[in-house]
Amino acid sequence: MRDLPSNTSDDGSLTLPVAIDRVVYQVRGKRLIDIAALTLAPGALTCVMGPNGAGKSLLLRLIAGLIAPTGGRLSYAGAASPERNRVALVFQRPVLLRRSVAANLDHALATYGVPKAERRQRIAGLLAEAQLVDLADRPARVLSGGEQQRLAMIRASAARPDLLLLDEPTASLDPQSTGMIEAMIRRTAEAGNKIVLVTHDRDQARRLADEVVFLHHGRITERALARDFFARPQSAEAQAYLTGRLLF
């Protein structure tokens, strides 16, 4: 790797939140994920790209612990599973409770173990950050698509996770909503959270990514700094993808 963040501290101890070692996920004998090794170090926003069916969303679900690998091992700072609330996943289509916007946040904070006395102030700050103050009492499920995604984003980040996984959070959103979500992503990354973003939007990846991991048929064919990936992709698969050619 060229100039990517180091995976070890000065004393040699692991500083990365997630390490993937020979991880396989298969269904009915078909390998959908087959990754020999991948480390996700703090300090870099990682975009996962690739054609439809490449395994991008599956990879996020494996990292989040929603599904178990068929073989291999994932470790979280050396542990077999992440500590409570250290990993959060935001889906492409938000899953919201049948409650108000504020009540969704209150429920999340209660689940994360935040004392009731602290939750009102935290909720006010979260609503302001997501620009949802005027919608605090509105039922979450009647919000627009962009508003729902902002709520899902801020609800996930309310736990202050070390690792935030985003599965195409701006798909089908209008440019204004996309810009607001991207601003939230930048602020979250600047606050020190590790972000792994799945996106098909190449311009979005150019705007946000520090590095790109490219998947094809469940395998990593390239990993590089974003500036190098878009200027000089090394793998044939990435070259085809970036020039709009079909991948089989």
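User: At roughly what angle do the axes of helix α2 and helix α4 cross?
Analyst: This is a predicted model, in which local features need pLDDT of at least 70, side-chain atom pairs count only at pLDDT 80 or more, and totals for chains, interfaces and linings use all residues. Residues are numbered from 1 along each chain as its sequence is written, and side-chain values use heavy atoms, with hydrogens and water left out. Helices (DSSP runs of H or I, at least four residues) and strands (E, at least two) are numbered from the N terminus. The axes of α2 (residues 101-111) and α4 (residues 145-157), come within 9 Å, and, as lines fitted to C-alpha atoms over the stretch in contact, with angles from 0 to 180 degrees between N-to-C directions, they cross at roughly 25 degrees.

User: How are α2 and α4 oriented to each other, roughly parallel or roughly antiparallel?
Analyst: Angles under 35 degrees count as roughly parallel, over 145 as roughly antiparallel, 65 to 115 as roughly perpendicular and the rest as oblique. The axes cross at roughly 25 degrees. Therefore α2 and α4 are roughly parallel.

User: Which residues of α4 meet α2?
Analyst: Contact means heavy atoms within 4.5 Å. On the α2 side, the residues are V101, N104, L105 and A108. Their partners in α4 are L151, I154 and R155.

User: How far apart are the end C-alpha atoms of α4?
Analyst: The expected span of a helix is 1.5 Å times one less than its number of residues. For the 13 residues of α4 this gives 18 Å, and the model agrees, because the end C-alpha atoms are 18 Å apart.

User: How many of the 13 residues of α4 are buried?
Analyst: Buried means under 20% relative accessible area, exposed over 50%, and partly exposed in between, with a 1.4 Å probe and protein chains only. Among the buried residues of α4 are L151, I154 and R155. The buried residues pack against β5 (87-90), α2, α3 (116-129), β6 (163-167) and α5 (175-190). α4 is mostly covered, and the count of buried residues is eleven.

User: Which elements do the buried residues of α5 pack against?
Analyst: The buried residues of α5 include M180, I181, M184 and I185. They pack against α4, β6, β7 (194-198) and α6 (202-208).

User: Is S100 buried or exposed?
Analyst: S100 lies in the loop between β5 and α2. Apart from neighbours within four places in sequence, S100 contacts A136, D137, R138, P139 and A140. Because its relative accessibility is 19%, S100 counts as buried.
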